[in-house]
Structure formats: C-alpha cells, structure tokens
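Here's a quick briefing to read alongside the model. Have the sequence and the 3D view open as you go.

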Amino acid sequence: EVQLVESGGGLVQVGGSLSLSCAGFGFTFDDYAIGWFRQAPGKEREGVSCISRSDGRAQYADSIKGRFTISSDNAKNMVYLQMNSLKPEDTAVYYCAANLRGCTSPTWDTWGQGIQVIVSS
C-alpha cells in the first residue's frame, strides 16, 4: 500500500521551531516530487514547499521563505520541513504529498493524513 505519514507537529510558541517529517511507505521517493501543503481553518489549502527528488531543487512559498527549509534523506525515504521563527499565521494542518510530474504539477497522487501545527501567542 502506497502511503505517506507525517509526524512532528504540535504546539509551539511564537518564534519557536518545529520539524515535520514525511515518511513514504510502499514506494520510494526516487523521481518523485514531494510537497508540503497546509490548510488553516476557513482557508484554502496552500502549497508551502516542494522538493524535486530528481534534481534536489527546492521551492518555497513567499510566506515562509527564509523561515522554513525542506530537505530529504534518500536512504530513509523521508522528507523534512524545518520550520523556524513560527508565527500565529503558520497555524494549520500540514500535509505532505507526492507526484511524479514535478513540483509545479496541479495534481498530486498521494497524500498524507495531515498533522496539526499550532503556534500560540
């Protein structure tokens, strides 16, 4: 069964840090683009960051650029999202997703179940 599982969310104070992990099961991340998305209450889902496993290039949304870093561990089939200088507006459910067409694809084939991040002031 192809599956993505997120971990590492939780409650953090403004200015704090969290590291999210995305583990792949039933397939390898080779040649996949792995993206992080988030959805805040009452808002549409937005793309946060993406890494293309084929060339290692990373993309970031303007709202998190300079604060979040995406990385991958090929050997462990994992992708990480290091989130620093967190703000209340970063509060959302975060999802990782995978597709074979690249970071700019409008469609994603596999989604994780999501994990909550709450930034308290």
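Buried here means under 20% relative accessible area, exposed means over 50%, and partly exposed is anything in between, using a 1.4 Å probe and protein chains only. You're looking at a predicted model, where local features need pLDDT of at least 70, side-chain atom pairs count only at pLDDT 80 or more, and totals for chains, interfaces and linings use all residues. Residues are numbered from 1 along each chain as its sequence is written, and side-chain values use heavy atoms, with hydrogens and water left out.

**Overall build**

- The protein has zero helices and eleven strands, where helices (H or I, at least four residues) and strands (E, at least two) are DSSP runs numbered from the N terminus.
- With 121 residues, a compact globule would have a radius of gyration near 14 Å, and the protein's 13 Å agrees with that; the radius is taken over C-alpha atoms, and the globule rule is 2.2 Å times the number of residues to the power 0.38.
- Its C-alpha atoms fill a box of roughly 40 × 30 × 25 Å along the principal axes.
- Of the 121 residues, 46% count as buried.
- Contact means heavy atoms within 4.5 Å, and of the contacts with a separation of 6 or more, 53% come from residues 24 or more positions apart.

**Disulfides**

- A disulfide is called when a pair of cysteine sulfur atoms sits within 2.5 Å, and by this rule there are two.
- One of them joins C22 to C96, S to S 2.1 Å.
- The torsion about the S-S bond of C22 and C96 is about 75 degrees, so this disulfide is right-handed.
- C22 lies in strand β3 (residues 18-25) and C96 in strand β9 (residues 92-99), so the pair ties together parts 74 residues apart in sequence.
- C22 counts as buried because its relative accessibility is 0%, and C96 is buried with a relative accessible area of 0%.
- Another disulfide joins C50 to C103, S to S 2.0 Å.
- The link of C50 and C103 has -85 degrees about the S-S bond and is left-handed.
- C50 lies in strand β5 (residues 46-52) and C103 in the loop between β9 and β10 (110-111), so this pair ties together parts 53 residues apart in sequence.
- C50 is buried at 5% relative accessible area, and C103 is buried at 16%.
- Number the bonded cysteines in sequence order and the pairing reads 1-3, 2-4.

**Nonpolar cores**

- A nonpolar core is a set of buried Ala, Val, Leu, Ile, Met, Phe, Trp, Tyr and Cys residues joined through side-chain atoms within 4.5 Å.
- The largest one has 28 residues, of which W36, L81, M83 and Y94 touch the most other members.
- Strand β9 gives the most to this core, with four residues.
- Leaving aside residues up to four places away in sequence, L81 touches a list of residues including L20, W36, V48, F68, I70 and Y94.
- A second, separate core of six residues includes F37, A97, C103 and W108.

- Strands β7 and β8 run antiparallel and are joined by six bridges; two strands pair if DSSP finds at least two bridges between them.
- D73 stands opposite M78 in β8.
- This hairpin has four residues between the strands, and N77 takes a positive phi near 55 degrees.
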